[in-house]
Amino acid sequence: MTARPAASRAKTLLQRLCLDPSRSDRVTHVEHVPPRTGRHGDWPEWADPLLVDRLRLGGVERPWEHQVQAASLAHGGQSVVVATGTASGKSLAYLLPGLTALMGDERASMLYLSPTKALATDQLRAVRSLNLMAVRAATYDGDTAREERDWVRRHGRFVLTNPDMLHRGILPRHGDWASFLRHLTYVVVDECHTYRGVFGSHVALVLRRLRRICAKYGANPVFVLASATVSHPEVSASRLTGVPVVPVTDDASPRGGTEFALWEPPLMPDYGGEHGAPVRRSATAETADLLADLVVEGARTIAFVRSRRGAEAVALNARRALYEVEPALVDRIAAYRAGYLPEERRELERRLQSGSLVGVAATNALELGLDVSGLDAVVLTGWPGTVASVWQQAGRAGRSGQGALAVFVARDDPLDTYLVHHPSALFGRPVETTVLDPTNPYVLGPHLGCAASELPLTEADLALFGEEEGVRLLLADLVRRGILRSRPRGWFWTSRERPEVDIRGTGGPPVRLVEKGTGRLLGTVDHSASHAQAHEGAVYLHQGESWVVDSLDLEEAVALVHADEPDYSTSARDVTDIEIVDALRVASYDGVDMVFGTVDVTHQVVSYLKKRHGSGEILGEEPLDLPPRQLRTRAVWYTVAPDLLDEADLSSADVPGAAHAAEHAAIGLLPLFATCDRWDIGGVSTALHPDTGQCTVFVYDGHPGGAGFAEQGWVRGVDWLQATRDAIASCECPSGCPSCVQSPKCGNGNEPLDKAGAVRLLDVVLASGLREVAAG
């Protein structure tokens, strides 16, 4: 029988998904991404002959041109970032110079950093498959046994770890790693585009501390960074590492064609949302059905879901659907996410690599490079945060050069709804620049303490950490608080204890989910998310089983849970107050001020909603008694003068609902212009704010000191507010729904909201001349 062409296979899968007449109108757009022919280069003369032979035996007969270019730059001593597509072979760009150096000098060492343990494990497997005994590659992370850690410190030459372990386990004990650091030749930073926001700022300072310690031992390693396709990768890479970086962006690898469908779940006419608003079928329920259908078709598929709970829900519902039609396939679907115990994660990775799993519902732990070849389809459950992540996830299918199907399933929120009806916003726009700010004082200050605890800080070190005057002010504050001691020779750490700095920016230890009665540990929830995800009454999913939280002890960081099968999910709601501290950047014109500045935010989770599975129908709201949290951060806000409100035909009674609706939609659309998620930001709107004396709409970074997202909102203000206005105006609902102006976390119960008023408000803001100011 003649094999079906790859592109035809992808189209056939999409056609089969739409066979049901009720699904025929769910596809709003199909983008054909054409295939690309590869361009080979020649093996560099400097490459170790044995390494080249082993790579050829492993199936790499010749390298791609971009691999040779990046590898040669690194071999020549220049730090380099290779920013090419998924499955373009970025790993060869650092393995070729790195392993050549290790094989040519028995003392040389190499450090590899990845954002996930799964990716490090996958890279270790690839390196060991080359059977190069002199390389002595090993992982060093939280799963590494204590006795094995001792061996790695003494004998490891190619150490694979993550920024967390570098920060907590290697730099504070650099004396134990002296031989390794003294001969460190290359530092690899894989998936560097993921280091953004507060976490990216922390990692940037960890890398500066690494460079400082290496210099103490006489080493000056070359950095090789691997990134998804992003805008100006050399700028982001240099900001991350603190050294000049050369970009390699011309992807010479082949690519199969992709059919990329935008999919909008249907409205549920028999169900009403909050205040009777129309609701769509949930994206997770729709994804679960698509995953099950694709598995029945024999298509190896990954469904990407933003949250741990969502990944579990998709896997559980897909298994239930398969039980009705193909029971033999039920055990071939699983969830893969962070928070699993090490032995659970390793077993899932083994099944995924072997192909015994046909369908996987995954968080971005699988987006980040775990090499799974032969996939036929990818389903994206909602906007993953950036255009770069969209293509990173979609690129997981067709990794062997064959054609692939990608389906973007819209969540019931403003951004996703905007994208499925404005495909040019996804397919016709450049990828973003990664946003991070290592000069954030709330991030930099603690790392100065860490650096001093590792090695006393000197005058010569100040330039390494940023603008000298700002660094001196932070050091003076650390001295005043008794954390550091100032002496003529520098700044010294005063405590016998090592500093505790959480580089994930979660604000405290993770909350442990423990089964009531047995004490069994099920998993963890980030401290920052615990109020919203581990509160009393919250539904928690783990390995396809659902649990309900009985109690949350914030002091002990423990939530007790019991097994249950409720027919609903839970969603937390919060209220927020905001005060302006100072304005840093202002654009003013004809009754509108667009401002970026510092604010104080008081935030409190006050209740949670129960939403019926599948339909999203709201079954009830339960109050919570959780403490408020205070936050000094950065925000973007705009004010609207009274005469413009009159021009918009907004009475004093109309303004609160119009501003509130515009705020909700603006929060939903900002992730299109800044590399963030809507849960990274928050907002407040008021008809008369006491600090401005006018109608004011705020959107703020949800991290101490800011994360750069609000600043991008100020920079892209016109595009952002225009998209916000268009998303509201184009929504087919009569008076507001989750697809345009309702927010799932609004502590005011989505009241008041005025959809039509929000459009008129944004019209006068955009017509005020703000466009010319921002463009200038």
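Visitor: What volume does the largest cavity have?
Guide: This is a predicted model, where local features need pLDDT of at least 70, side-chain atom pairs count only at pLDDT 80 or more, and totals for chains, interfaces and linings use all residues. Residues are numbered from 1 along each chain as its sequence is written, and side-chain values use heavy atoms, without hydrogens and water. A cavity is a set of points, on a 1 Å grid over the protein atoms alone, where a 1.4 Å probe fits but cannot get out; its volume is the space filled by probe spheres set on the points, joined across faces, edges and corners. For the largest cavity that gives about 60 Å³.

Visitor: Which helix gives the largest share of the lining of the largest cavity?
Guide: Lining residues have an atom within 4 Å of a point. Among them are Pro233, Ser236, Ala237 and Leu240. Helices are DSSP runs (H or I, at least four residues), numbered from the N terminus. The largest share, four residues, comes from helix α10 (residues 233-241).

Visitor: How many residues of strand β3 are buried?
Guide: Strands are DSSP runs of E, at least two residues. Buried means under 20% relative accessible area (1.4 Å probe, protein chains only). Ser109, Leu111 and Leu113 are buried on one side, Met110 and Tyr112 on the other. For β3 (residues 109-113), the count is five of five.

Visitor: Which residue of β6 is the bridge partner of Met110?
Guide: Strands pair if DSSP finds at least two bridges between them. β3 and β6 (residues 184-189) pair in the parallel sense over five bridges. In β6, the partner of Met110 is Tyr186.

Methods
On a 1 Å grid over the protein atoms alone, a cavity is a set of points where a 1.4 Å probe fits but cannot get out, and a pocket is an open set with protein on both sides within 12 Å along at least five of seven lines; lining residues have an atom within 4 Å of a point. Buried means under 20% relative accessible area, exposed over 50%, partly exposed in between (1.4 Å probe, protein chains only).
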